[in-house]
Amino acid sequence: MPPDRPPIKARLASCLLSPGESVVAALGLGGAILMMTAIAASGWWTLHTNQESRRDARQLELRTVAELLAENARSALGSGELSNLRTLITAVAARHEIEHLSLALGDPAASQPDRLVIADANPKPGTRYAPLPDAWPSGLDPEQLTVLTRAGDTVQLDAPVPVPGKGVAALSLRDSRAFPLLGQWEVVAGIGAIGVAGMAALLAGYRAARSRFRALGAIRDALAALAAGEKEHAALSVCPDFGKEAREWNRLLEEVSTLRSRLAIDRAAGGSSAGTNRRQGGDLNSLCDGLWQGLVLVDDQLQIRYANGAAAVFLRAKRDDVQGKHLPSLVTDPATLEAVRAVATGQTRSRTVVESEVGDPENGRTVLRFSVRPVRKDDSATAILVIEDVTQQRLADEARQAFVATATHELRTPLTNVRLYVDTLLEDPQQDPRARADAMNVISTEVRRLERMVGDMLSVAQIEAGQIKLHRGEISLQPIFDELGHDFAKQAADKDITLKFDLPPKWPQVDGDRDKVVMALHNLVGNAVKYTPAGGQVLVRVSADAQTLTIDVADNGIGIKPDEQPMVFEKFYRAKDRRIAGVAGTGLGLSIAREVVRLHGGDITVQSEIDKGSTFTMTLPAKAA
Amino acid sequence: MDILEQRQGAVTVIKPSGPLVGTDADEFQQRLAGVIDRSLGRFVIDAAELAYVDSRGLEVLKAASDVLAQSGQAVRLASANETVREVLDLTDLARCFEHYQDVSAAVRSFL
């Protein structure tokens with residue numbers, strides 16, 4: 001099988017064009033050849049026309065000579081004086097370089113012997129002219145003026161010379177002067193000069209056009225490659241030696257490449273250059289939008305160059321509008337702005353953290369933490385802000401601080417009592433046994449109080465850490481409520497509070513952690529006794545159906561304000577009622593109780609009316625019979 | 001449909017009661033949009049009383065999820081019952097939400 005050969009067109013192009021040149025350059029070459037052909041044709045036509053003009057001029061000259069001589073001949077033949085005529089003919093022939101010039105009588109077409117030559121410019125040696133007859137036969141038509149015949153370069157001219165009363169003589173003139181095409185050197189030189197100048201101009205034009213067309217051809221090839229998907233800068237650029245167009249093309253490529261790079265960077269950074277929809281952004285943009293921290297990039301004029309989705313939320317601006325905005329229009333906190341300005345203008349290179357509190361009483365406070373730092377160490381014109389919502393952490397910190405203060409106070413009171421009574425016992429070993437028993441009772445009570453508080457704190461810590469575990473088992477409910485009555489009987493009696501239990505005749509089966517259920521019930525009943533004024537009543541009512549055990553702990557105490565009712569289950573929260581200011585408590589009991597009950601699949605809710613009392617309802621799922 | 005809003009610390013807990021269907025879903029969507037705007041995303045949907053969810057309710061939840069996803073957050077669902085969880089699983093929407101056993105755990109997740 002013969003090897004594949006390129007098509008004829010391609011082979012022709014490869015013959016005509018040097019490597020790297022295009023068909024456009026070949027067209028230029030074709031144009032140059034056409035122009036040269038046109039100049040050559042014009043030169044030939046000019047020379048030819050010049051040749052014909054010279055012939056015509058010669059013929060006119062000969063005709064004029066013939067006519068003048070014919071007029072002289074007629075006078076001379078009329079008078080019979082021929083010597084002057086013969087001299088004139090000889091002189092004219094020499095003067096005008098006429099090959100043959102003669103005057104004869106008779107028909108010029110007749111044979112030579114029949115004609116009587118009167119005068120000849122070039123007589124044969126020894127020629128003697130015959131005398132002029134009185135009359136002679138006519139040859140030419142006297143009315144026919146000059147007869148001119150032409151054969152190649154030879155011109156034959158016969159002019160009739162009518163002599164009244166004698167006949168018609170014939171003046172014959174023959175000229176064989178050649179008029180070569182290039183016979184006139186001035187014309188040839190002129191045409192040659194024009195041709196050479198044209199050639200030079202064409203060559204220069206061709207070279208310039210070839211160079212330009214070569215650049216255009218290369219650019220065309222690059223565009224074709226671009227359309228085919230080529231994106232490499234090196235593959236698309238053309239040789240800068242091809243001319244200005246080539247250099248401009250390369251510059252354009254450089255600009256496109258730079259813009260493409262910037263666009264890629266902008267997209268990667270989540271920007272929306274030239275109104276580009278941000279959702280067309282790259283992976284980095286999506287990544288930044290996936291962060292819950294706000295990211296903002298600002299320049300030294302505090303103009304926002306980029307902001308992710310979280311930043312738009314924190315700055316309370318629309319995601320698509322935030323870019324390009326002036327940061328002070330979105331952030332009003334002076335300390336934050338000053339920190340950003342210091343970093344963005346290069347005044348400081350270190351990371352600066354500012355917390356700013358925003359919000360209003362209706363929507364609650366919001367604490368935003370702004371971490372400001374330069375984007376790069378050597379870049380003093382930009383700063384990056386990382387915005388975090390630390391509201392919940394702040395509130396938690398404040399609650400812990402409040403708890404520490406409360407717990408310190410709550411722990412100190414029983415500890416002080418314990419220390420005082422222990423000191424008393426140590427100082428007086430011989431003390432009255434009754435007094436010693438009272439002291440030991442107080443110490444025991446305070447230690448149990450301490451134990452309960454520490455237990456609460458541990459429970460909170462376990463709940464916070466998600467580590468609290470239930471030791472499940474079947475719970476006997478009746479004994480629990482018996483213990484409750486026994487445990488709170490003295491406390492209720494001390495406050496003159498009626499503590500009643502309304503218990504069902506039949507108890508459902510409940511599975512759970514007995515100690516923790518007891519702890520929850522202790523908290524509910526203990527709170528009811530604690531926050532019910534003297535003379536009040538606390539009713540513990542237990543009801544059950546097939547699915548649920550419901551325990552209502554109702555009191556007719558001070559009640560809870562409606563807006564505080566959901567809060568009482570929050571850790572460390574204590575109602576703001578001044579009437580309970582003197583009542584000890586950590587604000588942990590209800591929180592722990594509800595968490596524990598919820599771990600059992602139940603819940604604790606509250607219904608309360610200020611000054612009329614509260615009812616805490618605890619539900620636990622019953623075990624199917 | 002009863003929709004209860006309360007704050008736990010800096011977190012808003014929105015608790016719809018009853019089925020999230022039809023026009024109730026529209027009402028819940030409006031309330032939810034306000035909560036999202038005010039809370040900067042610090043909110044929890046307490047689904048303890050959410051009986052079941054129809055397609056409109058799913059749209060509302062998914063729309064809220066999409067809004068929060070734009071700022072790197074997710075809707076926190078607490079105490080969703082078996083029916084609601086199953087619907088979310090079947091529709092492959094469960095992955096759009098963060099699920100918590102109870103509201104306290106969901107609120108703690110903001111720490």
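Predicted model: local features only at pLDDT ≥ 70, side-chain atom pairs only at ≥ 80, totals over all residues.

Modeller: Residues are numbered from 1 along each chain as its sequence is written, chains are lettered from A and ligands numbered from 1 in the order in which they are written, and side-chain values use heavy atoms, with hydrogens and water left out.

Colleague: Why is A:C288 called buried?
Modeller: Buried means under 20% relative accessible area, exposed over 50%, and partly exposed in between, with a 1.4 Å probe and protein chains only. A:C288 has a relative accessible area of 11%, so it is buried. A:C239, at 33%, is therefore partly exposed.

Colleague: What makes the phi of A:E97 worth a remark?
Modeller: Most residues other than glycine have a negative phi. A:E97 is not a glycine, yet its phi is positive, near 55°. This residue sits in the loop between α3 (83–95) and β1 (100–105) of chain A; helices (H or I, at least four residues) and strands (E, at least two) are DSSP runs, numbered from the N terminus. With 54% relative accessibility, A:E97 counts as exposed.

Colleague: And B:L40, is that residue buried or exposed?
Modeller: Its relative accessible area is 4%, so B:L40 is buried. B:L40 also has a positive phi, about 55°, without being a glycine, and it lies in the loop between α1 (22–39) and β3 (43–46) of chain B.

Colleague: How do you know that the length of helix α12 of chain A agrees with what it should span?
Modeller: The expected span is 1.5 Å times one less than the number of residues. For the 18 residues of α12 (477–494) that should be 26 Å, and the end C-alpha atoms are 26 Å apart, so the two agree.

Colleague: Where does α12(A) bend?
Modeller: At A:F488, by about 40°; the bend is the angle between axes fitted to the seven residues ending there and the seven starting there. A:F488 is also one of the buried residues of α12(A), which include A:L477, A:I480 and A:F481. Among the elements covering those buried residues are β11 (473–475), α13 (514–530) and β15 (548–555) of chain A. After the helix comes A:D496, with a positive phi near 60°.

Colleague: Which residues is A:L202 in contact with, leaving aside its neighbours within four places in sequence?
Modeller: They are A:A32, A:M35, A:M36 and A:I39, where contact means heavy atoms within 4.5 Å. A:L202 belongs to helix α4 (185–227) of chain A, and at 16% relative accessibility it counts as buried.

Colleague: Why is A:S172 called buried?
Modeller: Its relative accessible area is 5%, so A:S172 is buried. This serine is found in strand β5 (167–175) of chain A.
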